[in-house]
Amino acid sequence: MYYKDLNPGKRVLMGPGPSDVHPRVLKAMATPLVGHLDPDFLTIMNETKVMLKEIFQTENEFTIALSGTGSAGMEACLVNILEPGDKAIVCVNGLFSERMVEIVKRCQAEPIIVESEWGTIVETEQVERILKKAGKVKLIAVVHAETSTGACQPLEELGALAKKANTLFVVDTVTSLGGIPVKVDKWQIDVTYSGTQKCLSCPPGLSPVSFSENAFSVINHRKHKIQSWYLDVKLLRDYWGKERFYHHTAPISMVYALREALRLVLQEGLENRFARHKFHSNALVAGLEAMGLKMVVSADYRLPELNAVYIPKEINDLTVRRALLNEYGIEIGGGLGKFKGKVWRIGLMGYTSKKENVMLFLSALEDILTYLGYKTNERGIIAAADIYRKQSKI
Ligand SMILES: Cc1ncc(COP(=O)(O)O)c(C=O)c1O
């Protein structure tokens, strides 16, 4: 018995990730393989590192693409730093920071949770107060772009606070890199991890990470061996560095893909790319609000790449998401954890962030909601089109 040819449905990926992959990235993935220690591949690894540094806005030498998804990056950042008995402050305001707490516990370290409502940010003063009472803390961890809520956490003040307290600053940039500014050096971030499948518009599979020399000096003073062999950044540094010691076999086609995705980011220009994300999000939000829907996050802290909106009370979450998928081929995300059944998460990440997707989605949603008996205040697409006319063309 043979299965049929691979033929999944055609989709517009407007969920929390993966986002639509740029055709140039797909083409790069079909490039014939070379060996992972081939001189040509070593050049490709080097180029990937250089471009990652530019996009992370850092001089950190150890800026690489870790093999594994964003969660592997999260785990790598925490297991390399934390030892049993260490204290770690984790700012918790969504699902991914809760995952950080879980990993901290698995390192047998003690998580100190600074909590804020889902959909809001953690204030620097909250962390400052806890820091004063906590004694010696090894790191402060925070999620920059919380994909479960759509909130954008400001980082500059937290970075300065961490520096003042002589503790490491660890930041999840999975959903921010390539969509909004990530300034690793300026914001004094010591350790960060990202993912390929969000605003970089590459398939999932790699986690760009960056560690400062400060972070390495803490790692070098560990009492215990790093508990993970695969994610040991000292071994990975020798694999990605001049030594080129064999550690594992890099997923070659994924590195090809990421290299092309990074080239696309830099060809567009970081500032243009951030402006594009904001531009299309503004149009989407105008459309949703015109239809009478309410955004989860206040405008000051709203992510342009992940737009979370409350589901009207009388409307069933799954009915709408199924209709979007089956009738229009559009994927959006439902709520996670506390937000399950209560919010939709509409992604406009990387290649997905464009006018035709915004207009298609708003028309599809309006059609489905109207069919289900929901009365929209105004036409969403008219409000969005209005924004497109007012703002300069991108
Ligand atoms: C903010 C954030 N952190 C971490 C992760 C985990 O990444 P992955 O699913 O690629 O393992 C995600 C995935 O959605 C995320 O959005």
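Both faces of strand S10 are covered, with Leu206, Pro208 and Ser210 buried on one side and Ser207, Val209 and Phe211 buried on the other, where buried denotes under 20% relative accessible area, exposed over 50%, and partly exposed the range in between (1.4 Å probe, protein chains only). The model is a predicted one, in which local features need pLDDT of at least 70 and side-chain atom pairs count only at pLDDT 80 or more, while totals for chains, interfaces and linings use all residues. Residues are numbered from 1 along each chain as its sequence is written, and side-chain values use heavy atoms, with hydrogens and water left out.

Because six of the six residues of S10 (residues 206-211) are buried, the strand is largely enclosed by the rest of the structure. Helices (H or I, at least four residues) and strands (E, at least two) are DSSP runs, numbered from the N terminus, and two strands are taken to pair if DSSP finds at least two bridges between them. By this criterion, S10 pairs with strand S2 (residues 62-67) in the antiparallel sense over six bridges, and within this pairing Ser67 stands opposite Leu206 of S10. Strand S9 (residues 191-193) also pairs with S10 in the antiparallel sense, over three bridges, and Val191 has Phe211 of S10 as its bridge partner.

A further group of three strands forms an open sheet with antiparallel pairing, in the order S11-S14-S13. Strands S11 (306-310) and S13 (333-334) stand at the edges of this sheet, and each has a single partner strand, so one side of each is left without a neighbour in the sheet. Five bridges join S11 to S14 (residues 343-347); among the paired residues, Leu306 has Gly347 of S14 as its bridge partner, and Ala308 has Arg345.

A search of the whole structure finds 14 salt bridges, a salt bridge being a side-chain nitrogen of Lys or Arg within 4 Å of a carboxyl oxygen of Asp or Glu. One of them joins Lys49 and Glu61, with the closest N and O atoms 3.7 Å apart. This pair links distant parts of the chain, since Lys49 lies in helix H2 (residues 39-56) and Glu61 in the loop between H2 and S2, 12 residues apart. Lys49 is buried, with a relative accessible area of 9%, whereas Glu61 is partly exposed at 48%.

Another salt bridge connects Glu156 with Lys186, the closest N and O atoms being 3.5 Å apart. Here too distant parts of the chain are linked, with Glu156 in helix H6 (residues 156-164) and Lys186 in the loop between strand S8 (168-172) and S9, 30 residues apart. Glu156 counts as partly exposed at 43% relative accessibility, and Lys186 is exposed, with a relative accessible area of 52%.

The side chains of Lys390 and Asp386 also meet in a salt bridge (3.5 Å, N to O), and both residues lie in helix H13 (residues 380-390), four residues apart, or about one turn of the helix. Lys390 is exposed, with a relative accessible area of 65%, while Asp386 counts as partly exposed at 36%.
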